[in-house]
Amino acid sequence: MAISNVTLAGLTRTQLLEIHYKMALLRRFEEKAAEEYTRGKIGGFMHLYIGQEAVGVGCLAALRPDDNVLSSYREHGQAILKGMEPRAVMAELFGKITGCSKGKGGSMHMWSNELGLLGGNAIVGAQLPIAAGVALATQYQGIDTIVACFFGDGAVDEGAFHEALNLASIWKLPVIYICENNQYSMGMAVDKAWAVDSLLPRAAAYNMPGEQVDGMDVVLVYEAMKRAVERTRSGQGPSLLEIKTYRFRGHSMTDPAYYRTREEEQQWRATRDPIGIFEKKLLDLDLASQAQFDENDTRATQVAEDAAEFADQSLDPTPEELYTDVMVDDSTALSFRYERK
Amino acid sequence: MRTITYRDALREAIREEMQRDERVFILGEDIAGYGGTYAVSKGLFEEFGEKRVRDTPLAEEVITGAAIGAALGGLRPILELMTINFSLLASDQIVNQAAKFRYMFGGQPEIPLVIRMPGGGGAQRGAQHSQSLESWYAHIPGLKVVMPATPYDAKGMLKSAVRDPDPVLFIEHELLYNVKGEVPDEGVEYTVPLNRGEVKRQGEHVTIITFSRMLHVTLQAAEDLAKEGIEAEVIDLRSIRPIDIDLLIDSVKKTNRVVIAEEGWKYYGTGQGLAALIYEYAFDYMDAPIQHVTSADVPMPYSKVLERAALPNYNAIVNAVKTIVPAALVHA
C-alpha cells in the first residue's frame, strides 16, 4: 500500500472510495427506480442517469456544499449528489407527500433551498437563463458561491443556450455551464443536430474557456471541473464544459431507442462503463480492492431498496394539497377563494 | 397632493423602492444609457449606477430567466420588457418557469419578481406592437397580473408589486405614460393592494367594468351619460389576476346591468371571463345581457383611420350602455 495519503487527482483513498460509492448509488438507485416504474409505482416521464454517473459525481465532487446546482429533467443523480436523501428522491418519484417536492413535481422536478438544488427543469434549456440569474444574485451580493448548470446536448440547439452564454460572459457571472453530451437529444444524433462537432467553437464564440472531457472517466471529469471551479470562483467569469458521455438506457422509460443499434449500446456498456473504468483504474494503481467495491455496491443496493420501501409506505398528498403552494400567500390565488371547497 | 404623470409616478415608485431596499434593482433593454424606451427609468442610472440599473442585450428569454434566477437568489428584480409583444419571446420563462416553480417544487421557491411592460395600441405601431395580451397571462395560475390606469394607482401598485413575494406582471399602456393625476407628495408612503379593484365613479343604473387606458375613456362616457340621466358605476378592475370578484358582484347586485369595456380582443379573453363569473355568481340579479366593448377581431392595422376603427372607443361604450339601460328606468 502506498504511504502517501494523497493518491489520484489530489484525492485521498477515502475520497476515491466515496466517489465510487456515489457512482454505485446512482446506478443502483436508477435501477431500482426503473423496476418500480415497471411495477407501476412511478408514473409520467422518467429519465435515467445510468451510464452518465461519472459526470454528476465528478462535477459535484469539485463543488462546495453551498454552491448552487441547476439541472435538466435527468436530475435524480444531481439531487442525490447535492445531499438529498434518496428516500426523498424516490418518494417524489412515487408522488408521495414525503417527496422533496411534496409529490407535486415528480421525476423531473426536484428542489431543495437548503441544499442549493434549484430544479429539475423539464423545458429543454430553460435552466440556463435562470442559472445566470442565480449567479447574478451571488455576484451582486458579493458571495463567493458559484452555480453549476447541467444540461444535455439537445439544449445547445435552443436559443436559451446562446442567450445565456452571452449574458453570462458579458456580465462575468460565476456560473459553469456543463453540457452532458450523451450523443442523442431524444433520438436525434448530435452529429446531425450540431453544425459543429464540439462545443469548443461555441465557447470561443461567447468568449469563455471551454473544455471537452471524457465523461466516462470520473477522475478526468473531476479535474476539469476543478479547473473551471477555481477560475469561476476567482471572479474570472463563466466556463463551458462539454462532457462526452452515453446513456445506457433510452431517453426515458418509454423509449425503445430505435434510432441506435443494440451493438452500439453493447459496445459502450462493455468497454466504456464509467464504474468499470474507475474500478479498473483504482485496482491498477492498487488504491482499492474488489472487496471494497463490493461493499460499496451492497450498501448502494440497500439504500436504493430502503428508499423504495420508504416511498411505498409513505402517504399520498391529502386532497387539501391541491390548492396549496400556488402562491406564497395562497389567499391571493384565485382558486383559493372560488374553487377550494 | 400634487399632479404628476403616470411615467413620473412609476419612476418615483422604482426610485423609492431602490432607496428602501438594496436588493431591488432594475434590468432591461435600453433602460440605462437610453433612459428607457418610454423614459420611465430616466435618471436612475445616473443615481444608482450600473450595478443596479442594468442594460441588457436584446434577448428577452435570457433576461427574463435571469430575473427569475436573481429573485430565487434573494434579490428583488424589476425587469422592464420593452413591450408586452416582446414578452412572447420570454413566454416560456414567464409561463413554464416563474408561474410554476412555487407549486411544482412543493412550495419551496420564492420568486419576488416584477415584470413591467406596456401593452395596448393607439399609436400606429402596427400589428406586432399593439396587442393587449394580458388575458394570456391572466389565464395562468401562479402569476399576478395588474394594470393600473392612474398615476396614483401606478405608483402604489408598483411599490406593492416590488414587495410582493410572487411574480407580478405589471402591464402599462403606451398612451398612459403622459396621463396626469394626483399623487401624494414624494416621501409620503402609500401602497395600493394588488388584489383589489376600485369603484372610480358611483352610479345606480349600470356597472361598467374596465381597466387600464379604457378607464379614462369610460369615465368620460360616464360623465356625459350622466347629463342624460344615466348614472353609471365605473369599476376599475386594476388587477386582472386575481380578480376582485366581490367588488364586481356587489355592484352588479345594485345596478343589475353590466358593460365590460376593454382594449383586448373579444373572444376567450378577460371580458368573457368576467362575464362568465358574473353569470355564475349573480345571474339572478341580471336584468339585461352583458354588453362587451372590445377591439375589433383583427390584427391591428397601421392606417390611422383603420386603427381608430379597430380600437374600442367612447361611442361604443355609450351605445352599449344605452342598449341595456331603458329610458323608462332612467326617468323612473
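This is a predicted model: local features need pLDDT of at least 70, side-chain atom pairs count only at pLDDT 80 or more; totals for chains, interfaces and linings use all residues.
Strand β3 (residues 68-71) and strand β6 (residues 147-152) of chain A run parallel and are joined by three bridges.

**Strand β3 of chain A**

- A:Val69 has A:Leu117 as its bridge partner in β5(A).
- A:Asn68 and A:Leu70 point one way from β3(A), while A:Val69 and A:Ser71 point the other way; all are buried.

**Helices α1 and α7 of chain B**

- Two packed helices are described by the angle between their axes and the distance between the axes.
- The axes of helix α1 (residues 6-20) and helix α7 (residues 151-163) of chain B come within 8 Å and cross at roughly 25°.
- Because angles under 35 degrees count as roughly parallel, α1(B) is roughly parallel to α7(B).
- The crossing of α1(B) past α7(B) is right-handed.
- On the α1(B) side, the residues in contact include B:Tyr6, B:Ala9, B:Leu10 and B:Ala13. The α7(B) residues that they meet include B:Pro151, B:Ala154, B:Leu158 and B:Val162.

**The open sheet of chain B**

- Five strands of chain B make an open sheet of mixed pairing, in the order β9-β11-β10-β13-β14.
- β9 and β14 (291-293) of chain B stand at the edges with a single partner strand each, so one side of each has no neighbour in the sheet.
- From one strand to the next, the twist averages 25°.
- β13(B) and β14(B) run parallel and are joined by three bridges; B:Ala261 has B:Val293 as its bridge partner in β14(B).
- Helix α8 (residues 214-227) of chain B packs on the sheet and touches β9, β10, β11 and β13 of chain B. The direction of α8(B) makes about 170° with that of β11(B).
- α10(B) packs on the sheet as well, touching β10, β13 and β14 of chain B. The direction of α10(B) makes about 160° with that of β13(B).

**Helix α9 of chain B**

- In helix α9 (residues 245-255) of chain B, the buried residues are B:Leu248, B:Ser251, B:Val252 and B:Thr255.
- These residues lie on the same side of α9(B), because they cover an arc of only 100° around the axis.
- Among the elements that cover the buried residues of α9(B) are β9 (198-201), β10 (206-210), β11 (232-236), β13 (258-261) and α10 (270-282) of chain B.

Technical notes: Residues are numbered from 1 along each chain as its sequence is written. Chains are lettered from A and ligands numbered from 1 in the order in which they are written. A residue is buried if 20 or more other C-beta atoms lie within 10 Å of its own, exposed if 12 or fewer, and partly exposed in between; C-beta atoms are placed from the backbone. Helices (H or I, at least four residues) and strands (E, at least two) are DSSP runs, numbered from the N terminus. Two strands pair if DSSP finds at least two bridges between them. The arc is that of the directions from the helix axis to the C-beta atoms. Two residues are in contact if their C-beta atoms, placed from the backbone, lie within 7 Å. Axes are lines fitted to C-alpha atoms, for helices over the stretch in contact, and angles run from 0 to 180 degrees between N-to-C directions. Angles under 35 degrees count as roughly parallel, over 145 as roughly antiparallel, 65 to 115 as roughly perpendicular and the rest as oblique. A crossing is left-handed if the near helix is turned anticlockwise from the far one by less than a right angle, and right-handed if clockwise.
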